Amino acid sequence: MNTRLAPTLCGLAAAGLLSAGQAVADDPVELTMYYPIAVGGALTDVIDGLVADFQADHPNISVNAIYAGNYDDTRVRAMSAIEAGDAPQLSVLFSIDLFDLIEQDAIVAFDDLIETDEEREWLDSFYPGLMENGQLDGQTYGIPFQRSTIVLYWNKEAFEAAGLDPETPPENWEEMAEMAAAVREASGGDQWGVMVPSTGYPYWMFQAFAFQNGHRLMSEDGTEVFFDDPASIEALEYWVSLTQEHEAMPDGTIEWGTLRQNFIEQATAMMWHTTGNLTAVRNEASFDFGVAMLPMNTQRGSPTGGGNFYIFNDTTEDEQRAAMTFIRWMTDPERAAAWSIETGYMGVSPAAYETEALRDYVETFPPAAVARDQLEHGTAELSTYQGGRVRRALDNAIQAALTGQMSPEEALNQAQAEAEAALRRYARSR
């Protein structure tokens, strides 16, 4: 801050002629932000570029953006820093971390930070489906940033070689199994029909199957799960059948981190994966491919996914205002559009898709709109108290069923029991 102007600014603030936010506008503020990456591509370079542009626009706010690994790694690093008394001011963390972050009194509600009608309009500008995992009891704690749904990628050349219409993806579970088996047979066993990842975030894939079967896995208040419902069991039985009955998917587990490369190398004709991989697939695929909404059973559907911005409690008022300035800048429609084009993640607001850049991009590359359009059939990602324990119980069950160690019913009954044990004290407090 210019020291010759400082007394004048302080005097104006004291006289009530300058708001507190304006009074500190020229004071240098340093922010630390941890963020994750769970997809392919040089996204750290993209983040670094955005931060540099922000700092050019806001020379008195510096942002130290630290890549911290995957979502779990980033949550652990941020919480460890808080416990060590070296809290970051903000971070991009899993949207589903909400309950645990609130329970630890770690984050600030954005409703407590907004001061103007214009800021309220910004808070209300995002897709409602992307806000579900960021809101609780009428307050907003998480702002959508790198958000996604699961989409189906398919290799049109592999479809044509198998005698399938290369422009028509599977509409439902039955068609996906049949098409996958047809590809496997036509390739003489050299190419798999479909791969659905079962490491990394298996619960996310399973939630899609369950929701397509008309079933929600958890209560809205994060205190109950319904893993052992007959509709859940049927969903896992179908996933298992892609290997055991249709012989169209490899047995055992399928790695999240290498599946995109498997698709690029044409080891599989179809894959379920995040739309956050869309730009990487477009840049690397040597064949014509398509992107579609996930196939349905009783209904269409995919859980949303990805990361939200959070602001931490153990920060000063000036830091919180600076953090919100940065978050607003990053989620501005033009920036959200650029981020979507660079990565494949969704533009987080309708206004992002109304920008000339993203409108033109969608016109020339229609797959960029699939995840957005699928929001109409979306559901909030699995999120509960004791989220890590609950998701681990479900992940273990899914993998036990897929590897043949347990039947889907046995595995999900066990996961239900483990989740209920983790959630027992929350259920009692309802």
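Trainee: What makes the contact between the side chains of Arg120 and Asp111 a salt bridge?

Mentor: Keep in mind that this is a predicted model. The N to O distance for Arg120 and Asp111 is 3.3 Å, and the cut-off is 4 Å between a side-chain nitrogen of Lys or Arg and a carboxyl oxygen of Asp or Glu, so the pair qualifies.

Trainee: How do you know whether Asp111 is buried or exposed?

Mentor: Asp111 has a relative accessible area of 18%. Buried means under 20%, so that's the label.

Trainee: Which other salt bridge does Arg120 form, and with what N to O distance?

Mentor: Arg120 also meets Asp124, at 3.8 Å, N to O. Asp124 has a relative accessible area of 53%; exposed means over 50%, so Asp124 gets that name.

Trainee: What makes Lys156 and Glu167 a salt bridge, and what does the pair tie together?

Mentor: Their closest N and O atoms are 3.0 Å apart, which is within the 4 Å limit. Lys156 sits in helix 8, while Glu167 is in the loop between helix 8 and helix 9, so the bridge ties together parts 11 residues apart in sequence. Lys156 is at 14% relative accessibility, so it counts as buried. Elsewhere, salt bridges with shared partners link Asp72, Arg75 and Asp97 into one network, and the structure holds 13 salt bridges.

Trainee: Why is helix 14 called largely enclosed?

Mentor: Of its 14 residues, 10 are buried, so the rest of the structure largely encloses helix 14. Among the buried ones are Arg321, Phe326 and Trp329.

Trainee: How do you know that the length of helix 14 agrees with what it should span?

Mentor: At 1.5 Å a residue, residues 317-330 should span 20 Å, and the end C-alpha atoms are 20 Å apart, so the two agree.

Trainee: Which residues form the negative surface patch?

Mentor: Asp228, Glu234, Glu237, Glu409, Glu410 and Glu420. Helix 20 gives the most, with three residues, and helix 11 is one of the helices supplying at least two.

Conventions
Residues are numbered from 1 along each chain as its sequence is written. This is a predicted model: local features need pLDDT of at least 70, side-chain atom pairs count only at pLDDT 80 or more; totals for chains, interfaces and linings use all residues. Side-chain values use heavy atoms; hydrogens and water are left out. Patches are made of residues with over 30% relative accessible area and no salt bridge: like charges are joined within 9 Å, nonpolar side chains (Val, Leu, Ile, Met, Phe, Trp, Tyr) within 5 Å. Accessible areas come from the Shrake-Rupley method with a 1.4 Å probe; for residues, only the protein chains shown count as cover. Lys and Arg count as positive and Asp and Glu as negative; His and the chain ends are not counted. The place of a charge is taken as NZ of Lys, CZ of Arg, CG of Asp or CD of Glu. Helices (H or I, at least four residues) and strands (E, at least two) are DSSP runs, numbered from the N terminus. The expected span of a helix is 1.5 Å times one less than its number of residues. Buried means under 20% relative accessible area, exposed over 50%, partly exposed in between (1.4 Å probe, protein chains only).
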